[in-house]
Amino acid sequence: MTDARMVGVSRVLISEEELRSRIAELAAELDAEYRNDFPIVIGVLNGAVFFLTDLIREMKIPLEIDFMAVSSYGDSTRSSGVVQIIKDLSKSIEGRRVIVIEDIVDSGLTLKYLIDNLASRNPADLRVVVLLSKWAIGQAPVQHDHVGFVIPDEFVVGYGLDFAGRYRNLPFVGVYDPKADSADLPG
Ligand code: IMP
């Protein structure tokens, strides 16, 4: 039986195994960096949920988690440039070490907005972990402290990333192919 999740995905860019092993490396780096601390790990909903849960299960240090939801794209593949907080953190981050977990950076507008917003709440420090960046290392227009993968400037889906709400449940990251996305979905 054809896997309906795959309709509209032209190729696998990052496999499950590659995700798993890179995430284990990132977790070890964060464990070393925060070994004497009790950081708050902030996930950006919805896309970063898969990455955050896999990452923190590999981490050995004590930590807390919290979530924010922002919207910047609507249903299109282009950034609107307008970022809106849809769900805010459940507690204060003042004086705390904060690790922001973002799924992907394209224009960087969303992350820039988020960093500025969180920095204004006076955390002890704030570092940023990005799973996928469309910017070469050192070239991003916004803070990146840890990057999982630098990817080409293509629209990708899977492992939390969506197009119009779909594809988040793919276990890998794939390149979205609108021409092939002709599935007539129920509902
Ligand atoms: P930016 O503000 O242009 O950096 O876009 C950031 C947000 O847009 C991410 O958090 C994603 O939700 C979404 N986004 C950007 N590029 C992609 C992509 O290739 N696939 C899926 N979502 C993306």
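These legends describe several close-up views of a predicted model.

**View 1**
The ligand is surrounded by 18 residues. The closest are Asp 106, Ser 107, Gly 108, Thr 110 and Val 156. Sorted by class, the shell holds 7 nonpolar, 5 polar and 6 charged residues.

**View 1. Polar atoms facing the ligand oxygens.**
In the side chain of Ser 107, an N or O atom is 2.6 Å from an oxygen atom of the ligand. Leu 109 takes part through its backbone: an N or O atom there lies 3.4 Å from a ligand oxygen. Thr 110 places a polar side-chain atom 2.5 Å from an oxygen atom of the ligand. How much of the ligand does the protein bury? Taken alone, the ligand exposes 480 Å², and the protein buries 92% of that. Two elements give two or more residues to the shell: β5 (97-105) and α3 (109-119). The largest share comes from β5, with 4 residues.

Strand β6 covers residues 125-133. This strand is mostly covered, with 7 of its 9 residues buried. Strands of a sheet pair through backbone hydrogen bonds, either parallel or antiparallel.

**View 2. An open sheet of three strands.**
Here the strand order is β1-β9-β8, and the pairing is antiparallel. Which strands form the edges? They are β1 (9-14) and β8 (156-157), each of which pairs on one side only. β8 is joined by 2 bridges to β9 (residues 173-176). Within β9, Val 175 is the bridge partner of Val 156. Val 156 is also among the closest residues to the ligand.

Asp 177 sits in the segment after β9. Is this residue buried or exposed? Asp 177 is buried, because its relative accessible area is 18% and the cut-off for buried is under 20%. Its side chain reaches the backbone nitrogen of Lys 179 at 3.1 Å. Beyond residues up to four places away in sequence, Asp 177 touches Gly 8 and Ser 10.

Most residues other than glycine have a negative phi. Ala 164 has a positive phi of about 50°. For Tyr 167, phi is positive too, at about 80°. How covered is each residue? Ala 164 is partly exposed, with a relative accessible area of 38%. Tyr 167 has 4% relative accessibility, so it counts as buried.

Most peptide bonds are trans. The bond from Leu 45 to Asn 46 is cis, with omega near -5°. Asn 46 belongs to the loop between β2 (40-45) and α2 (49-58).

**View 3. Val 147 and its contacts.**
Val 147 is part of strand β7 (residues 146-150). At 14% relative accessibility, it counts as buried. Which residues does it contact, leaving aside neighbours within four places in sequence? They are Arg 22, Leu 26, Val 130, Leu 131, Ser 133 and Ile 137. Tyr 34 gives a sense of scale: its C-alpha atom and that of Val 147 are separated by 17 Å. Along the chain, these two residues are 113 residues apart.

**View 4. Gly 95, an exposed loop residue.**
Gly 95 lies in the loop between β4 (84-87) and β5. With a relative accessible area of 54%, Gly 95 is exposed, because exposed means over 50%. Ala 124 is 29 residues away in sequence, yet the two C-alpha atoms are 4.4 Å apart in space. Leaving aside neighbours within four places in sequence, Gly 95 is in contact with Asn 122, Pro 123 and Ala 124.

Key
Residues numbered from 1 in each chain as written. Predicted model: local features only at pLDDT ≥ 70, side-chain atom pairs only at ≥ 80, totals over all residues. Heavy atoms only, no water. Near = heavy atom within 4 Å. Polar contact = N/O pair within 3.5 Å; in protein donor to acceptor, adjacent residues only side chain to side chain. Areas by Shrake-Rupley, 256 points an atom, 1.4 Å probe, with all protein chains shown as cover. Nonpolar A, V, L, I, M, F, W, Y, C, P; charged D, E, K, R; others polar. Pairing = 2+ DSSP bridges. Buried < 20%, exposed > 50% of the residue type's maximum accessible area, 1.4 Å probe, protein only. Contact = heavy atoms within 4.5 Å.
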